[in-house]
Amino acid sequence: MVKFVKGNQSGEEIAKETGIADLIPGAAIDAKVFDPCGYSLNGVVDNYYFTIHVTPQHSCSYVSFETNYPKETYNDMIATVVNIFKPGNFVMTLFANEYSPCKAIGMDSLNDTFDGYRRQDCQFCQFRLYSLLFTHYVQNT
């Protein structure tokens, strides 16, 4: 996660170089690199957003990605984010209701694997107004 340490590049330059800027085409982006390390990005297009926060410290490295951008499936977006950050493991949480483009979700809504990762855990909850799918992926060994 060397890219997310304060250097000569701006937050927007890092977004373009890593591919983060292309996650949601046409989004206006505001990105910051922090001293000595850390990265934060907010992107907005129409009424939708995406946000990324990176804490690249050796003792407690962390990346979060969140969006409300409507898609029928999030598998390609997840694969892109995972490829950018290459985490040791990751958690994916998907909320959907009857108005979501992905409609009803279930245990098969997300891939069992992503390049180099396998799903270790999957939990599904059906609530009155929405569904929740929680998945945990680990690197293949």
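**Salt bridges and their setting**

A: D30 has a relative accessible area of 40% and therefore counts as partly exposed, a value that belongs, like the others here, to a predicted model. The side chain of D30 meets that of K32 in a salt bridge, with N and O 3.1 Å apart, and K32, at a relative accessible area of 43%, is likewise partly exposed.

The whole structure holds 2 salt bridges, and another pairing is that of R119 with D112, where the closest N and O atoms are 2.4 Å apart. Here R119 is partly exposed at 23% relative accessibility, while D112, with a relative accessible area of 48%, is partly exposed as well.

Turning to nonpolar side chains, F95, F127, L129 and Y130 form a patch on the surface whose accessible area together is about 420 Å²; of these, F95 sits in strand β5, which covers residues 89-96.

In soluble globular proteins, nonpolar side chains tend to be buried together. In this model the largest nonpolar core has 35 residues, among which I20 and Y39 touch the most other members. Elements supplying at least two residues each include β1 (28-33) and β7 (117-126), whereas α2 gives the most, with 6 residues. Setting aside residues up to four places away in sequence, I20 touches F4, A15, Y39, L41, F50, I52, I84 and F85.

Notes
Residues numbered from 1 in each chain as written. Predicted model: local features only at pLDDT ≥ 70, side-chain atom pairs only at ≥ 80, totals over all residues. Heavy atoms only, no water. Salt bridge = Lys/Arg side-chain N within 4 Å of Asp/Glu carboxyl O. Buried < 20%, exposed > 50% of the residue type's maximum accessible area, 1.4 Å probe, protein only. Patch = residues over 30% accessible without salt bridge, like charges linked within 9 Å, V, L, I, M, F, W, Y side chains within 5 Å. Areas by Shrake-Rupley, 256 points an atom, 1.4 Å probe, with all protein chains shown as cover. Helix = DSSP H or I, 4+ residues; strand = E, 2+ residues; numbered from the N terminus. Core = buried A, V, L, I, M, F, W, Y, C linked by side-chain atoms within 4.5 Å. Contact = heavy atoms within 4.5 Å.
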